[in-house]
Amino acid sequence: DVAKASGLFDTRQGNLYPPAATTVAALGQFLAQHPFVYVQAVDGKKVLATLHSATRLLWNNETSDGEYTVADSRPILQAGRWAGLAGWSLPSKQQLEAFAKAGGNPHRKGQAYRLAAVSGAESYRWLTTEGLCDTDDGCWGIQPPESALIFACHPLWQKVPDAQVLT
């Protein structure tokens with residue numbers, strides 16, 4: 001009976017996997033303990049995206065090597081396939097603020113709430129759906145139509161139960 005299974009044995013790899021209920025519970029505990037999780041390539045050498053556990057949004061800054069307007073960002077985001085996913089977008093101001101202010105954010109650099117570009121340089125000028133957002137502590141204003149860096153987000157796991165994230 002599948003419902004009473006004590007695990008899964010992969011005959012190709014020789015791996016024994018625990019029951020799904022145990023694994024799903026462990027994933028929930030893991031995400032509760034780790035505010036940010038890197039999604040890495042199979043070889044473990046490249047970070048493809050960063051999961052913000054609290055919002056379940058994936059983040060990627062591979063296009064942060066130049067400044068763009070909101071209009072200029074649209075074709076870049078439509079063409080982007082970071083972490084093998086289509087459908088990346090600019091965050092809203094609220095999403096960017098939650099991401100940048102979250103404790104333990106591995107992308108924060110320098111002054112409070114500045115984020116690192118792909119080059120490693122810090123920046124306070126990031127695009128949102130509303131326009132340029134100044135992420136410096138005490139600022140958080142929107143300044144359209146100026147150009148800024150892109151830190152794209154993806155909602156793949158945002159409204160998905162842990163069991164589906166696991167698969």
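## A walk around helix α3

Start by selecting what covers the buried residues of α3: the list includes β3 (36–40), β4, β5 (57–60), β6 (115–116), β8 (125–128) and β9 (131–134). Helices (H or I, at least four residues) and strands (E, at least two) are DSSP runs, numbered from the N terminus. You're looking at a predicted model, where local features need pLDDT of at least 70 and side-chain atom pairs count only at pLDDT 80 or more, while totals for chains, interfaces and linings use all residues. Residues are numbered from 1 along each chain as its sequence is written, and side-chain values use heavy atoms, with hydrogens and water left out.

**Stop 1: the helix.** Now pick α3 itself, residues 93–101; Leu 96, Phe 99 and Ala 100 are buried there (buried is under 20% relative accessible area, exposed over 50%, partly exposed in between, with a 1.4 Å probe and protein chains only). They sit on the same side of α3, because they cover an arc of only 90° around the axis (the arc is that of the directions from the helix axis to the C-beta atoms).

**Stop 2: the sheet.** Next, show the open sheet of four strands, in the order β3-β4-β5-β10 with antiparallel pairing. Strands pair if DSSP finds at least two bridges between them. β3 and β10 are at the edges with a single partner strand each, so one side of each has no neighbour in the sheet. Zoom in on β3 and β4, which pair over five bridges; Tyr 38 has Thr 50 in β4 as its bridge partner. Bring α3 back: this helix packs on the sheet, touching β3, β4, β5 and β10, and its direction makes about 80° with that of β5. Axes here are lines fitted to C-alpha atoms, for helices over the stretch in contact, and angles run from 0 to 180 degrees between N-to-C directions.

**Stop 3: His 154.** Click on His 154 in strand β10 (residues 152–154). Is His 154 buried or exposed? At 7% relative accessibility, His 154 counts as buried. Leaving out residues up to four places away in sequence, His 154 touches Arg 56, Leu 57, Leu 58, Leu 85, Ala 86, Gly 87 and Trp 88 (contact means heavy atoms within 4.5 Å).

**Stop 4: Ala 86.** Finish in the loop between α2 and α3, where you'll find Ala 86. This alanine is partly exposed, at 42% relative accessible area. Its backbone oxygen lies 2.7 Å from a polar atom of the His 154 side chain. Ala 86 and His 154 are 68 residues apart in sequence, and 8.7 Å apart in space, C-alpha to C-alpha.

How values were computed. A polar contact is a pair of N or O atoms within 3.5 Å; within protein, one must be able to donate a hydrogen and the other to accept it, and residues adjacent in sequence count only if both atoms are side-chain atoms.
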